[in-house]
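Please find below a short note on the ligand site and the chain contact.

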Amino acid sequence: MARLDIANVSKLFGSTKAVDDFSITVEDGELVCLLGPSGSGKSTLLRMIGGFEKPTYGSMTIDGEEVIHLPPEKRPTGMVFQSHALWSHMNVFKNIAFGLKLRRLPKAEIERRVEAVLELVGLSGYGQRLTHQLSGGQQQRVALARSLVLEPKILLLDEPFASLDQHLRERLREEVRDIQQRLKITTLFVTHAQDEALSVADRIVVLRDGRTEQIARPAEVYREPATPFVAGFIGQMNLVSGVVADGRFGHSAFNVPAAVADGPATLAVRPEALAIAPASGAGMAHVHRVTDYGTHAMIDVELPDGERLKSMMPTADQWTPMQKVDLVPGAFALYRDNGVIYRADAALALAKPARKTRSTVHA
Amino acid sequence: MAATLPAPRGRIDFVGIGFAIALSVAIIFPLIVVGTWAFTEVWRYPNIVPQQFGLRFWNQTLSRADVWSALTLSLQLSTVVTLLSAAICLPAAYAFARMTFPGRNVLFFSFLAGHAFPKFGLLVAIAAIFLQLNLIGTFWGVVLIQLVGTLLFMIWIPVAAFQSVDRRMEEAARDVGASPLRVFWSITLPQAGPTIAAAVLLSFVGTFYETEGAWLIGAPGIRTMPVLMITFINNQMVIQYGAVLSVLLWVPSFIALMFARRVIGGGAFARGFGG
Ligand SMILES: Nc1ncnc2c1ncn2[C@@H]1O[C@H](COP(=O)(O)OP(=O)(O)OP(=O)(O)O)[C@@H](O)[C@H]1O
Ligand SMILES: [Mg+2]
């Protein structure tokens, strides 16, 4: 149980900025997901917390104590690597017991603790197995147990399940979440799978090129993405560039009210908030493809300029490719200069459905 | 990671069997001939089997003091050279594998360069230097020359071994509280162990059989087993002396192989050679 404070941390590798002025306070017992595309600095950040990389600037404290100058073995952190990094010349028991032996605990105590943690990760009785006699999921559980047995103040997980199949990944992340909540252990979880972040995190940090794009609760990151990048990165999102003029955002097939200053803007609307209707006039857009998922249908709509948007509709029945349609956005947001300038929630937009227009405004 | 070689699939592998037979003939046949000669008292043309077996030549060979002193000397030399080589080369190999320092590549390839040119010329040059240093005909002179011969195995193979140890494994050990030294001892060395053991064995056996350096630098004061064997064969045309000595010379090979099997286990040994 601990609180982690990271203040203005940057990491330079030569001239590349892997992490750029990063700050966060992780509360006691909180699980924070670091989410971002490949190369966004997630691992670098985690490795700095674990003590494997030294920040170029900034400070890091755990429970108020500066840890920047401590080597990994002196830090109260436990790290689980993507490649599990189990020691193949030791069996499961020895892997987990190694850290306890270094702490010179009595033999009986070591045995008791190893047994307990094996039970915690659901591997009772596997102590004598060699690591290559385990499945990928079991190996990751052992790696987790190896960290947990030392009761670290901060648990660091670097894409621990990335190499596992979808099904197993879902199960293990639920288990990790359960264990984390039971032990109330402060945790940082790196992933580039947004579903993973949305399902387990208390808060999500979205990173891009080493910079923080947004730090917020999962629901907020999903519903109110702070930047167009987050909007595009989390879940499915249609992004359309256009121009605001006279209180309306315009694009070839869109014209929606938006009370903001004139100028270029990007409209973001989720497929579930973008309805379509059979064209009342000539119709500026047409159906490109219809995919029926059973529970819902996804309609790919092509705009006159060739751009494609996704619209989620309850059924696939009434839609056929090449059919002319009108777009009816519900909740949407406008972005300018990497920030939100306007948000329309669904109720408002439904009350005033977007008026169809023939006048095209090009961005 | 596989601890065993992949099992051959159902069909009979004729090419493989052919190779196995060819190899057996090439390696085992001469061994059998030499082995037979060692226990032969009379074997005249055109007989295929010796006329008379016996241990007479064993008695004669083993009763010679120079044979025993040469054997002891050879074992001492090989042990000292291998230990020294390990003490010098293993840390160096670790440095090559894990650290960057100026001149790293040049230095690394210089170990290969020593083996890229005809060795005898190099030896003569070294001998000239040793003559000035009064090292000719001394134990330590031979140790030095043979040490040079082991550098290649003892640097290149361990470098590869250290490089192939997963860095994450070492980091995971730091993470649970091990100091860098402890990580080396408990993780890096055991992981690289089988391969390094193979290098140490190669170096021991290679040193034991080394003749050029031992003869050039050691003569006349220092006579190793192989040098003694050559002298025997050159001076007295009694095949049996040579044969008995060869059989004696197999002893370190057998000990080395048994040791390898016991300590490392078949699978790990294969892994050491990149299996
Ligand atoms: N040791 C290093 N030396 C030089 N550059 C590095 C080093 N480690 C990371 N980088 C660079 O820092 C940036 C961030 O890398 P990092 O590994 O943190 O990304 P990541 O978000 O973990 O990506 P991934 O999802 O692929 O694991 C990348 O541009 C990478 O090339
Ligand atoms: Mg990474």
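The points that follow concern a predicted model.

1. The shell around ligand 1 is formed by residues of chain A, including A:Phe13, A:Ala18, A:Pro37, A:Glu159 and A:His192. A:Ser38, A:Gly39, A:Ser40, A:Gly41, A:Lys42, A:Ser43 and A:Thr44 are also among them. By class, the shell comprises 3 nonpolar, 7 polar and 2 charged residues. Helix α1 of chain A (residues 42-50) contributes the largest share, with 3 residues.

2. For A:Ser40, a backbone N or O atom lies 3.2 Å from a ligand oxygen. Of the 640 Å² of accessible area that ligand 1 has on its own, the protein covers 58%.

3. The contact between the two chains involves 25 residues of chain A and 19 residues of chain B. About 1900 Å² is buried between them, 61% of it on carbon and sulfur atoms. On the chain A side, A:Glu73, A:Trp87 and A:His89 lose the most area to chain B, together 29% of what that side buries.

4. Across this interface there are 2 salt bridges and 8 residue pairs in polar contact. A:Arg47 forms a salt bridge with B:Glu171, with the closest N and O atoms 2.8 Å apart. On the side of chain A that touches chain B, at least two residues come from each of α1, β6 (77-80), α2 (92-102) and α4 (136-148). That side divides into 12 nonpolar, 9 polar and 4 charged residues.

Technical notes:
Residues numbered from 1 in each chain as written. Chains lettered and ligands numbered in written order. Predicted model: local features only at pLDDT ≥ 70, side-chain atom pairs only at ≥ 80, totals over all residues. Heavy atoms only, no water. Near = heavy atom within 4 Å. Polar contact = N/O pair within 3.5 Å; in protein donor to acceptor, adjacent residues only side chain to side chain. Areas by Shrake-Rupley, 256 points an atom, 1.4 Å probe, with all protein chains shown as cover. Helix = DSSP H or I, 4+ residues; strand = E, 2+ residues; numbered from the N terminus. Nonpolar A, V, L, I, M, F, W, Y, C, P; charged D, E, K, R; others polar. Contact = heavy atoms within 4.5 Å. Buried area = accessible area lost by both parts, 1.4 Å probe. Salt bridge = Lys/Arg side-chain N within 4 Å of Asp/Glu carboxyl O.
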